[in-house]
Structure formats: C-alpha cells, structure tokens
Amino acid sequence: MRLETAGFPMSRRGRPRPGNRLSSLPGQWPRTTLWRTVVLLALLFLISQGTVFVLYHRYVLDPAAQRFAEFLLQSYRAIPPPGTPPSDTLQWLPSNARPGTISGNYFFAQSARAIARLAPGAALRMGSASPGGTWVWIHGGTGRPWLGMRISPVNFGGSTFILMRLMIIAFFTLLGAILIVRQINLPLLRLADRARSIGRGEVPEAPPSVGGPAEVQELEKAIQRMAQDLHILYEERAILLTGISHELRTPLSRLLLALHLPDAPLLEQKEAMQVDVTEMDEILDKFLALVRSGQEEKSIVNPPETLLARMAQIGRERYGLKIRTATPPALPSVAYRPMAMERVFRNLFDNAARYGEGRLEIAVDEEAGEIVFRLRDFGPGVPAAYLSLLGNAPLPNQRGVVHGSGIGLRICQRIIALHGGSLRFANAGGLVVEIRLPISSTSY
C-alpha cells in the first residue's frame, strides 16, 4: 500500500520518505539543469531586489522625506506672511482654499505624514506639474494660509523603469545560468558518453580529460578508477573460470576413465585417483586464494631478516629445498600480512622445487627506500617471450619448459600489490624473482 501526503511519498508506517519534493512535481519544476538554474537565479535576484527595495525605503527614502518635511516647515515659518505679492516661485492662498491634491508618490506621502507629526493640523499637497516644475503646497496648521512653492521636477521612475529593470535582471539571469550550466553540463555529458563506453567494455588507459570544475574532475577520476576496477574484475572472472576449467579437465578425465574400468583395475587405480583428488583440491585452493589475496588479514611490522628466516625454514622443512640466505645487518622494518606473505613464498618455493632443481638463493637488501627480497633458482628459467606475462596472464601448461600455468604467480602479484609493493621477474642462470616492499613508517 502506498500513501502520499502533501506531495511526499509515505511509507507503511506513515513517515514521509526522504526525497526532493521539487523533483516530484514535474509539472511545476523544470527538468533541465539550465532552466532550474535560471529559475533559482531569478528567485534569488527577485528576493534580493525585494530586500534592497525595503532597505532603500527604510533607510534612504524615509529619512529623506523626514528631512524634506522639516525643510518645508522651516521655509513656511521663514517666508514673509501673506500679503507678499505672488511670484513665479511663491504664492499664498487663504486657509479655506484646497490647492493641489494629495500625492500618491511614496516620497511625498511620507513627507506629508512627517509634516503632520511635526506640526499638528499641518498638511502637504501637490499641485499639477508645469514645464517649469511641480508646486508644493504646505498648510501650516488650523487657520493658517497655504504656501505654494515651485520645485524642480522630481522623477522617481515609473512602470517603464521597473519593466526595464526586470528585463535587464532576466537577461543577466539567463546569461549567468547559461555560463554556469555550461561549465558543469558539458563535462557531465562527456562523462555520460564515457560511462556508456565503459558499459560496452571499453576502458582506455589514458582517456582525454573532460575538464570542468574540480568536483567534476574528481568524479571523472572516480569513474576511471571504477572502470579499471571493473575491467580487472572482469579479467579475474575470466581467468578464474578459464583456469578452473583448464586445470580440472585433466584430473576429471582421468577419474572418469578410471570409473569405467572393471573392479580389479579400478582398485589398482585407487591411489592415482586419490592423487587426482588432492590435485583438484589444491587447484581450487589456489583459485580461492587468488580471489581473497589476504585482504582481511591484519598487518604486522618486523625486520626483514625475521621474515626471511621464517620463510627459509618453511622452504627447507616443507619443500625440501636447499636454501642459502644473505642479509646485511640493520635493515629497516617492513609491514606485511604474515599468512598472505607466506602464501607468496610458498608459491615461489613450489616453483623452485619443481623447476629450480631444488636449490634456491635468497638475498634481502634496501634499495631506493624499499626492502628487496631476491629469490634465484637454478632451473632453466623462463623464455623471454613469457617473462612479461608472468603474474599477469595464465601461461600454457608446459611443465619443464615454463613455470606452470601462472596462477600461483598471479596470486603472488596480487598479494604484493596489496602490500604496496611490486613483483619483478628476470633470467640470470635461473629464474630471479624480486619482491619489493615499502619500508614501514608506522607500527601496527
């Protein structure tokens, strides 16, 4: 059941759901950014003009009308009494006369109120305008005559002035809205085009900048990072599915073939079938490790020689490797995830045991603000054509020629990248693997 109250969508508990009420009124609120900006700027200009109008009357016109009223009363009292011959600028009329009219002009109306407050019974009226000016008639009080004075024309602007002012405001409002929206909308339109291309799977390495304000550029960077993450996720999914199907096909075929054998040969294949199941379990564990990469594990800080001693012990005891180590004294500490880093070394030890003739040299040193672990085996190495693919793409499974299918090294690559380091490969009388980790500046 959906309830709505005063334009707000209601939940079943009767509480208004959060949202922009203006966006729920498409008939009253423009849809485009340009016209929304125009309307908002116009409202702001009108509010500001109204505020200026009120403040101008309160603090400019009203005090000026008060001073004008005081000036008229002082002039009335200073000019000689009736009997003075009339002139082009000065006239006297009896008290019972009714010269001019009550002015509807705000300034003169405020002056009339001020005169009435300053002199009880006094009044102010305006005569008809003439080419030479406007007549101002002031009545000094009960029984007092009227004094007429001609003043210069006073023009406070009429409807034409107001209309012109509103047209100017509307013009500059529209111009400002166009300039403002252009700075935002054009980069956003470019981002929309890029988002559509990302949806089609196109992720350029260095796309041209869309420009615009700093906020739009930050949005662009975020979208580009998201696109790269999605691309990596897509690649990892493809590798995961392809790798699992490729690696499991051979042991599954052997198991299926063994299941078609008679009972006696089937029992003879029992040990081989157990090996196949163990191999399949190891393959699945590797691919699960590729997905996790130790991201949930907390880091610890230790000297690199401590890590090296622990890993060398694992290599000797569990992989039967002959390991020789070299460590200079007093190296800075490094931060690492112990289980994830052990997985890295285990993969490298497994490669050394299979293809490196069971021997391994490990050296650790400090270079350019990083701690570098160098592992060198004594196998045939990797063909130069495959060096650039190590850790980045699955390799053909040619045991004895290259180092396996590459999934283990890809796990190592991701774990080291998670630590902020890098993994490099080279040939030098065997495969040389460099693990570079940043020096720790904090304790965990």
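# Close-up views of a predicted model

View 1. Contact means heavy atoms within 4.5 Å. Helices (H or I, at least four residues) and strands (E, at least two) are DSSP runs, numbered from the N terminus. This is a predicted model, in which local features need pLDDT of at least 70 and side-chain atom pairs count only at pLDDT 80 or more, while totals for chains, interfaces and linings use all residues. Residues are numbered from 1 along each chain as its sequence is written, and side-chain values use heavy atoms, with hydrogens and water left out.

The axes of α7 (residues 304–319) and α8 come within 10 Å and cross at roughly 45 degrees. That angle makes α7 oblique to α8. Axes are lines fitted to C-alpha atoms, for helices over the stretch in contact, and angles run from 0 to 180 degrees between N-to-C directions. Angles under 35 degrees count as roughly parallel, over 145 as roughly antiparallel, 65 to 115 as roughly perpendicular and the rest as oblique. The crossing of α7 and α8 is right-handed. A crossing is right-handed if the near helix is turned clockwise from the far one by less than a right angle, and left-handed if anticlockwise.

**View 2. Helix α8 covers residues 338–355 and includes Glu-342.** Its 18 residues should span 26 Å at 1.5 Å a residue, and its end C-alpha atoms are 26 Å apart, which agrees. The expected span is 1.5 Å times one less than the number of residues. Among the buried residues of α8 are Ala-340, Val-344, Leu-348 and Tyr-355. Buried means under 20% relative accessible area, exposed over 50%, and partly exposed in between (1.4 Å probe, protein chains only). After α8 comes Glu-357, with a positive phi near 65 degrees.

View 3. Leaving aside neighbours within four places in sequence, Glu-342 is in contact with Arg-310, Met-311, Ile-314 and Arg-318. Met-341 has 0% relative accessibility and also counts as buried. With neighbours within four places left aside, Met-341 is in contact with Leu-307, Met-311, Tyr-336, Ile-416, His-419 and Leu-437. Met-341 and Ile-415 are 74 residues apart in sequence, yet 7.3 Å apart in space, C-alpha to C-alpha.

**View 4. Strand β13 pairs with both β12 and β11.** Two strands pair if DSSP finds at least two bridges between them. Strands β12 (residues 422–427) and β13 (residues 431–438) run antiparallel, joined by 6 bridges. Ser-422 stands opposite Arg-436, and Ala-426 stands opposite Val-432. The hairpin of β12 and β13 has 3 residues between the strands, and Gly-429 there takes a positive phi near 70 degrees. Strand β11 (residues 370–377) is antiparallel to β13, with 7 bridges. Leu-375 has Val-433 as its bridge partner in β13. In β13, 7 of the 8 residues are buried, so this strand is largely enclosed by the rest of the structure.

**View 5. An open sheet of 4 strands has the order β3-β6-β5-β4.** The pairing is antiparallel. β3 (90–93) and β4 (123–126) stand at the edges, each with a single partner strand, so one side of each has no neighbour in the sheet. Neighbouring strands are turned by 25 degrees against each other on average, direction ignored. Strands β5 (residues 134–139) and β6 (residues 146–151) pair over 6 bridges in the antiparallel sense. Trp-135 stands opposite Arg-150 in β6. Helix α2 packs on the sheet, touching β4, β5 and β6, and its direction makes about 155 degrees with that of β4.

**View 6. Helix α1 (residues 33–78) packs with helix α2 (residues 106–118).** The angle is about 55 degrees, with the axes 8 Å apart. That makes α1 oblique to α2. The contact includes His-57, Leu-61, Phe-68 and Leu-73 of α1, and Tyr-106, Phe-108, Ile-115 and Leu-118 of α2. The crossing of α1 and α2 is right-handed.
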